Amino acid sequence: MTRNPDNIKDPRIQPWQTVVNNILFACFISSLILAAEKILVQLISISYHRKQFDSKIQESKRNVHLISMLYAASRKMFPEYCKEFEMEDYIINDSIMGITGKKKGHGRSGSASPMRLIQNVGQNVGRVGDKITAAFGHVAQEITGKQVFNSTSAHSIVILALEKRKSSEALARRLWMSFVLQGRDALYLDDLYDVFGPDHRAEAEECMAALDRDDNGDISLDEMILTVTEFGKARQSMSKSMHDVDQAINVLDNLLLAVVFILVVLVFVAFLNKGFGTTLAAGATALLSLSFVFAATAQEVLGSCIYLFVKHPYDVGDRVHINDNELMVEHISLLFTVFRNIQHHKTIQVPNIVLNTQWIENVTRSKAMREQITLTCDFGTSFGDIQLLKREMQAFVRAKDNARDFGPDVDIEVSGLGEMNKLELKVEIHHKSNWHNEVVRATRRSKFLCALVLAIKKIPIYGPGGGDAALGDISKPSYSVSISHEQAQHSKDEYAANKEAKRMIPTDQMDEALSADPAPLSPRPGAGTGAAAAAAAATSASGLTYRGSTASNSTSNVHSPHNPEAAFASALNSRPPMESTPSSANVTQEHLIRGPSTGHRRLSQNPNQNPSGRQGMSPNTPATEYQQYDYENSNNPFRAASPPAQMYGQPGPSSQSPTPTGTVHPATIIARGQGQGQQGQPPLGQGPPRV
């Protein structure tokens with residue numbers, strides 16, 4: 001405008017022209033920012049749809065194409081609304097006859113109900129309308145080369161039928177009954193070869209692979225219905241998921257538009273305000289103060305965007321397990337997700353920022369799954385019974401009726417022993433599909449558990465307790481017997497003695513045996529040659545003595561097949577010898593004899609003991625009566641070789657006076673050896689140091 005030749009009087013730029021120029025530049029920059037935001041949103045949408053839905057869309061289209069081929073072949077052999085499939089065709093085409101169904105009336109004339117009039121009038125209306133639409137479709141096909149407005153084509157009918165469960169089941173029944181030969185209960189690949197002809201064998205094999213989910217070579221009617229209905233559910237879930245994701249993208253677009261609006265305001269202020277630096281500083285301060293308010297919101301929005309558009313762990317209709325909760329995805333938004341609990345059908349809304357940190361198990365995206373069942377049985381259950389159980393369950397899953405649901409292998413392992421009173425078995429079964437369909441999963445599990453119960457009763461395998469009758473039952477009555485106190489005490493002491501005699505090393509000699517040198521033990525004085533031979537025969541290379549050896553056992557009996565415990569102990573003691581622990585300098589290992597344990601504290605034999613007769617003990621402590629140990633009937637070589645005269649703390653004449661060569665304090669840990677004890681006594685109230 002300033003260069004206009006007609007306006008040559010004042011060629012200078014006017015102030016309003018500068019303002020307009022700044023406004024135009026600000027609008028241009030704002031347009032670039034808005035265009036960048038729209039391009040970013042479109043890139044996110046295109047990338048997300050291509051990443052998440054491209055393979056699913058292609059698979060769904062291929063399945064619809066295969067079903068359309070099968071329906072076209074079925075319609076070629078059995079025309080629509082024929083006598084064999086009249087009801088199925090009405091349901092597939094969603095007509096009034098298919099909705100209401102055929103019902104037998106009372107047969108009287110003049111009493112037609114309004115619904116019957118509608119059926120009679122509208123029976124052929126739908127087919128006439130389809131033919132008119134098909135005529136327009138043929139004209140459009142001649143012009144465009146594509147099938148449009150052709151409602152009678154197989155592809156259009158299949159897409160319409162897959163939208164509802166009832167029409168999907170009717171379509172599956174028509175297809176299966178059209179191809180299966182009379183007298184058979186399954187559809188085989190040869191049947192599809194006969195239908196498609198020799199020129200379309202590849203299409204027949206592809207249809208068989210798509211419908212035979214369990215890969216067993218045949219398709220039953222139930223499997224056909226389940227597969228076709230799954231195709232329809234997959235299309236519906238994918239459509240709903242795409243709709244929810246589009247809504248989430250629109251929410252993101254609105255948020256970005258708010259940011260763009262703020263940037264546009266700053267751009268106009270920068271171009272129109274001369275003191276932009278001061279304004280920018282004031283605006284930055286205000287934004288900094290507001291950042292503390294909107295920090296959590298901004299973090300949630302950014303985390304939700306990454307979770308939804310980058311990770312995207314599930315889609316609408318998927319079954320997921322989150323923190324031991326079995327959920328079904330109902331709705332996906334930008335900031336939250338709505339789930340439905342499978343067990344009690346409660347609606348649960350969880351923020352995406354919370355789900356971003358959780359472990360999510362997607363069952364729908366999983367392949368064939370496994371399941372482990374734990375059961376407990378009696379501790380005496382043999383390995384043969386477990387193998388019989390495994391054989392019975394393998395025969396069950398390999399049966400013809402069950403091979404469609406389960407894999408051919410069943411694994412059974414012993415996973416625990418409990419508290420030594422039961423066996424814990426873990427039975428692992430292999431499903432041929434995942435657990436997306438809860439009804440199918442529950443049916444299969446119930447079938448397997450019923451077969452498992454029958455197999456357990458057939459073998460039989462009892463629960464913990466051996467399957468014995470309960471105490472007090474007529475087959476296992478309870479009763480009580482009264483005995484004297486002396487008999488009870490004798491039985492108790494005998495049991496304790498037998499329990500101690502069964503030990504490989506006596507309890508009171510455990511420290512000595514673990515710290516002993518690898519030299520064999522020497523028999524005690526007075527034990528005789530028989531005891532020495534028994535001790536030598538029962539002594540291993542490590543210096544340990546087998547607990548069950550006696551003077552009557554010989555070396556040849558150790559490896560005898562009639563003495564398995566001795567053979568096991570000999571093999572156990574054949575390990576490398578342990579290093580001997582050096583003894584203390586204050587106590588020697590010579591001329592000291594280990595006395596047998598009576599299970600009670602021994603009385604002190606120190607002549608310098610206190611007046612109460614007990615060293616290191618309070619005078620108020622009552623004296624303890626001691627019971628003599630039956631060393632003659634003991635099977636322990638440590639005790640069998642000890643004469644009664646050298647037992648410490650044992651009442652009798654030998655314990656009334658100290659030995660002439662000196663006594664050994666009972667607190668002393670005695671080493672092995674022969675001869676007399678060490679001269680000298682320890683100080684009063686203090687025992688010698690430990691070895």
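In this predicted model, P460 sits in the loop that joins α15 (438–458) to α16 (485–501).

H312 has a phi near 45 degrees, a positive value in a residue other than glycine. H312 belongs to the loop between α12 (276–311) and β3 (319–322). H345 likewise is not a glycine, yet its phi is positive, at about 60 degrees. The loop that holds H345 runs between β5 (336–341) and β6 (347–351). The surroundings of the two residues were then examined. H312 has 1% relative accessibility. The cut-off for a buried residue is under 20%, so H312 counts as buried. H345 has a relative accessible area of 53%. Exposed means over 50%, and H345 is therefore exposed.

The largest nonpolar core contains 35 residues. Within this core, I67, L70, Y71, L171, L175 and L192 touch the most other members. Several helices supply two or more residues each: α2 (54–77), α3 (86–92), α7 (154–161), α8 (165–179), α9 (189–196), α10 (201–211) and α11 (221–272). Helix α2 gives the most, with 7 residues. The contacts of L192 give a local view of the packing. With neighbours within four places in sequence left aside, L192 is in contact with L70, F179, L187, A204, C207 and M208. A separate core of 24 residues lies apart from the largest one. Its members include I249, L327, I332 and L355. In soluble globular proteins, nonpolar side chains tend to be buried together.

V259, F261, I262, L263, V265 and L266 make a nonpolar surface patch of about 520 Å². Of these residues, V259 lies in helix α11. V259 has 46% relative accessibility. This value falls between the limits of 20% and 50%, so V259 counts as partly exposed.

How values were computed:
Residues numbered from 1 in each chain as written. Predicted model: local features only at pLDDT ≥ 70, side-chain atom pairs only at ≥ 80, totals over all residues. Heavy atoms only, no water. Core = buried A, V, L, I, M, F, W, Y, C linked by side-chain atoms within 4.5 Å. Buried < 20%, exposed > 50% of the residue type's maximum accessible area, 1.4 Å probe, protein only. Helix = DSSP H or I, 4+ residues; strand = E, 2+ residues; numbered from the N terminus. Contact = heavy atoms within 4.5 Å. Patch = residues over 30% accessible without salt bridge, like charges linked within 9 Å, V, L, I, M, F, W, Y side chains within 5 Å. Areas by Shrake-Rupley, 256 points an atom, 1.4 Å probe, with all protein chains shown as cover. Salt bridge = Lys/Arg side-chain N within 4 Å of Asp/Glu carboxyl O.
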